[in-house]
Amino acid sequence: MSISGNSRIQKNHIRHDNTEDKTDLLKHTLVLMTFAGCWPPSSWISSYKYKFYNVYTLLLVLLLYSFAISQFMAIVLNAANPEEFTNVLYMMMTVCIATFKISNMWVNHRHLADIINTLIEEPFRPVTAAEIKIRQTFDKMIRNNTLFCFVLVELTCACIILTSLFTNFRTGDLTYKAWLPFNYSSPTLFSIAYTHQLICLLTCALINLACDCFICGLLLHICCQIEILEYRLNKSHTWENLRDCVRHHDLIFESVSFASVVNKRFAKTIAIQFITSMLVVCSNLYQLAQITLSPKHLPLVLYTVCMMIEIFIYCWFGNEVKLKSLHLIDRIFEMDWPELNNSFRKAFLMIMNRATIPIEFTSAYLFSMNLESFVGVLRISYSAYTLLQRI
């Protein structure tokens with residue numbers, strides 16, 4: 001069995017079996033992905049509906065591109081000092097990373113569908129009631145993580161919109177500084193430009209939220225597979241069962257493994273996210289240092305918190321994968337070794353020897369996804385903020 005699953009699904013839709021109907025594999029995350037234009041609904045099997053969804057995705061991409069270009073031109077033409085530069089930079093960078101994410105998901109949809117299909121095929125598919133319970137536990141963690149991030153992001157967007165309506169809209173100013181190729185002083189054109197920015201804000205937030213929860217969900221499923229492997233090793237009383245465990249272990253850990261493919265598909269996305277987060281946090285810290293805090297600046301504070309949490313969840317779950325892969329050694333060591341024959345002992349020693357090299361996710365060979373990297377991002381952001389202050 002290869003990591004691609006050996007079975008291509010027609011029109012890139014995911015095949016479900018009875019087990020997955022019970023565990024709802026990435027159900028809530030894929031719903032967000034669908035609304036964000038990153039994942040066609042599994043029920044849309046006709047070519048007409050599939051093309052319609054591609055048009056929907058293309059419209060979202062063009063919407064984000066138009067917003068990013070307007071802000072880039074505002075920086076080039078109107079930013080005369082650091083305050084004006086940072087005031088535009090943080091949102092422009094967020095829109096750019098959202099545009100990259102939706103484009104990457106659109107292009108790589110077939111490969112991502114294959115990754116998910118791998119989880120519902122042997123040896124990754126849970127078989128016994130205990131294994132199904134393990135997966136349900138991790139599915140619940142993914143659902144709770146998605147719900148928490150959704151509430152936080154939507155609360156931030158609602159705060160930004162309400163604050164803008166009571167301040168910018170009343171004075172005839174746009175929510176974000178932007179260059180437009182027309183004079184929007186008339187009420188009609190201003191309403192169009194203002195609505196365009198708010199729609200782009202919500203679209204950008206939804207895309208970033210969906211993609212981040214999707215990647216973190218896959219990281220948690222790697223932890224889930226390691227825990228299922230630990231359970232199977234404790235139950236491997238026959239040579240056939242042990243052989244299946246060794247095969248399962250290889251497909252999780254080795255260079256062409258499930259974890260390796262996930263890391264490869266999202267390495268660039270995570271690297272760009274790290275760099276963008278550093279720039280945005282630095283920019284927002286600079287803005288907050290130049291102003292006297294008041295209720296109208298609450299959206300900027302919440303936005304900064306969202307960006308920090310966004311990079312934190314990558315580092316947290318990446319760190320969990322590393323710790324879980326190392327924990328496999330302890331679980332094998334705790335087994336009843338005197339009762340094992342030599343063949344079993346050799347197989348377990350081989351697994352333990354491989355598990356000494358943990359699964360570690362990297363972002364394009366620039367950052368390791370762990371808690372140390374998160375601290376490093378904060379330090380670099382603060383250093384850049386200090387440098388900007390001096391300049």
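The structure is a predicted model. Leu-26 sits in the loop that joins α1 (18-23) to α2. Its phi is positive, about 50°, although Leu-26 is not a glycine. Most residues other than glycine have a negative phi.

Helix α2 spans residues 27-35, and its buried residues are Thr-29, Leu-30, Leu-32, Met-33 and Thr-34. The elements that cover these buried residues include α3 (47-78), α4 (82-107), α5 (109-119), α6 (129-166) and α8 (187-234).

After α2 comes Gly-37, which has a positive phi near 80°.

## Packing of α2 against α3

Two packed helices are described by the angle between their axes and the distance between the axes. For α2 and α3 the angle is about 70° and the axes are 10 Å apart. Angles of 65 to 115 degrees count as roughly perpendicular, so α2 is roughly perpendicular to α3.

On the α2 side, the contact is made by Met-33, Thr-34 and Phe-35; on the α3 side, by Tyr-53, Tyr-56 and Leu-60. Of the residues in this contact, five are nonpolar and one is polar, with no charged residue. Met-33 and Thr-34 also belong to the buried residues of α2.

## The loop between α5 and α6

Pro-123 lies in the loop that links α5 and α6. The peptide bond leading from Glu-122 to Pro-123 is cis, and its omega is near 0°. Most peptide bonds are trans. Both α5 and α6 are among the elements that cover the buried residues of α2.

## Cysteines

A disulfide is a covalent bond between the sulfur atoms of two cysteines. Across the whole structure, the search finds zero disulfides. For Cys-149, the nearest cysteine sulfur belongs to Cys-213 and is 4.4 Å away. The cut-off for a disulfide is within 2.5 Å, and Cys-149 is in no disulfide. Cys-149 has 7% relative accessibility and therefore counts as buried.

Cys-224 is likewise in no disulfide. The cysteine sulfur nearest to that of Cys-224 is the one in Cys-223, 8.8 Å away. Cys-224 counts as buried because its relative accessibility is 0%.

Methods: Residues are numbered from 1 along each chain as its sequence is written. This is a predicted model: local features need pLDDT of at least 70, side-chain atom pairs count only at pLDDT 80 or more; totals for chains, interfaces and linings use all residues. Side-chain values use heavy atoms; hydrogens and water are left out. Buried means under 20% relative accessible area, exposed over 50%, partly exposed in between (1.4 Å probe, protein chains only). Helices (H or I, at least four residues) and strands (E, at least two) are DSSP runs, numbered from the N terminus. Contact means heavy atoms within 4.5 Å. Axes are lines fitted to C-alpha atoms, for helices over the stretch in contact, and angles run from 0 to 180 degrees between N-to-C directions. Angles under 35 degrees count as roughly parallel, over 145 as roughly antiparallel, 65 to 115 as roughly perpendicular and the rest as oblique. Ala, Val, Leu, Ile, Met, Phe, Trp, Tyr, Cys and Pro count as nonpolar, Asp, Glu, Lys and Arg as charged, and the others, Gly among them, as polar.
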